[in-house]
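User: I'm new to this one. Can you take me through a helix and then a pocket?
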Amino acid sequence: MRKALVAAVSIGLILTAVGCGNKKEEAAGGTSAGTAPAAQQVNLRVAWWGGQARHDYTLKLIEMYEKLYPNVNIEAEYAGFDDYWKKLAPQAASNDLPDVIQMDMSYLSQYGGKGQLEDLTPYTTKGAIDVSSVNESIVSSGKLDGKLYALSLGSNAMAAIYDNEALKKAGVASISPTWTWDDFTQIAAKMKGQGLIFDHLRWDQFFPYFLRTQGAHLYNADGAQLGYTDDKLFSDYFKRYQDWYNAGYMRSLDKEAQSKGTPEENPVATGEGYMTIAFSNQFIPIQKAAKKPLMLAAVPGPNGTKGLYMKPSMFFSISKNSKNKEEAAKFINWFTNDIEANKIIKAERGIPISTKVQDALKPLLTPEETQVFDYVAWAAKNSSPIDPADPTGAAEVSKALKDAQDQLLYKKMSIEEAAAKFRKDANAVLIKNKK
């Protein structure tokens, strides 16, 4: 994890900050606010994960905010996805979490359930965080046990991100919205002939997606055990995945282990690959890293509409240990509602949750950004309700699932052994956390 004081950002970065003028702006709309807020100095730590493009524009946003509020100094903490959570865990253990934390659905129970996050309800109720132009279902996506521990930063959906020109060269004319995993396998075989691979599918995203297409879920209703009882579902998914790996359709696990999961390291960006399946908000940074036109398509089925769901791309939370909760809420409000800020963010963290912001951005979108807005609109009409927030212990379950997948791919376990071990390990974690 890298940690940077924004005050140390280069002069060149400061000069390129979009919308940073001398004019003060209100946090909620980019309009004139007159004089600066109270002069008492405030230090905020703001943490997020992402690739270099996200880091760069978020630092620009912080520069904007500090110019609007000269009494606020923001310390930025950022890294790739996996390293981010590795750093956050010891911070939580030592009661030293950042004031503003970028939060993921899969970790919400872990942090919120242990009393490490502030309930944002009082801030939304009194308007300190303005959600008047946000659909209630979007606001509720950050709730756990009736408390609002996180505010969504955008809506997105799983999507196939692919190099259409590479597919055409291999004789694949188009991808149907109703394509299947069999179609996916046939395309992978053709693309291998072109020397191109597809990106590994994250175990903690696509096995649950597959389960949903089969009418099952990873967790049961109370989160005390796995949500499926027939291990044939595990076998069906991971046997196919094992076949792909053995056929050389993905890069080796040894090489994969060297990646931090950033857009710049994605096979589509490095030139090794033709497709990655990820969440739609990742389309823009992957395309920027790839430096070539890419396209979006639905995730393979069958039963894709049962598997697909609208997901908060990520959230902002305020740590319970923060000494500057009001200022943290003000920053989240600005990030959510300020038009000038969102002209920079656009859809990179998902489609903005404020309808006012959406309306302001639509005339300004590039063709690539329009693809993301259009795909998410399509997905909203071709998806099913999202599962409840992952239960406490989900991170350990995810690790157990990754271990089972790796044991399979390294040929150290059979499918049946891996399925049984994962069930035993996962249920032990879930039961322990329910006590």
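User: Which residues are exposed on the other side of α20?
Analyst: This is a predicted model. In it, Glu416 and Lys424 are exposed on that side of α20.

User: And which residues of α20 are buried?
Analyst: The buried ones are Ile415, Ala418, Ala419, Phe422, Arg423, Ala426, Asn427, Val429 and Leu430. Down the axis of α20 they fall within an arc of 160°, so they line one face of the helix.

User: Why would residues a few places apart point the same way?
Analyst: An α-helix has 3.6 residues a turn, so residues three or four places apart point the same way.

User: What do the buried residues of α20 pack against?
Analyst: They pack against three helices: α9 (203–213), α10 (232–246) and α19 (394–409).

User: How many residues does α20 have, and how far does it reach?
Analyst: Helix α20 covers residues 415–434, which is 20 residues. From first C-alpha to last it reaches 28 Å, close to the 28 Å expected at 1.5 Å a residue.

User: New topic. How much space lies in the second largest pocket?
Analyst: About 590 Å³.

User: Which residues lie nearest its centre?
Analyst: Ser137, Ile138, Ser155, Met310 and Lys311, out of 34 residues that line the second largest pocket. The elements giving two or more residues to that lining are α6 (136–140), β5 (143–144), β13 (311–312) and α18 (367–381).

User: Which element gives the most to the lining?
Analyst: α18, with 5 residues.

User: What is the lining of that pocket like by class?
Analyst: The lining of the second largest pocket has 17 nonpolar, 11 polar and 6 charged residues.

How values were computed: Residues numbered from 1 in each chain as written. Predicted model: local features only at pLDDT ≥ 70, side-chain atom pairs only at ≥ 80, totals over all residues. Heavy atoms only, no water. 1 Å grid on protein atoms, 1.4 Å probe; cavity = no way out; pocket = protein on both sides within 12 Å on 5 of 7 lines; lining within 4 Å. Points joined across faces, edges and corners; volume = space filled by probe spheres on them. Helix = DSSP H or I, 4+ residues; strand = E, 2+ residues; numbered from the N terminus. Nonpolar A, V, L, I, M, F, W, Y, C, P; charged D, E, K, R; others polar. Expected span 1.5 Å × (residues − 1). Buried < 20%, exposed > 50% of the residue type's maximum accessible area, 1.4 Å probe, protein only. Arc of directions from axis to C-beta. Contact = heavy atoms within 4.5 Å.
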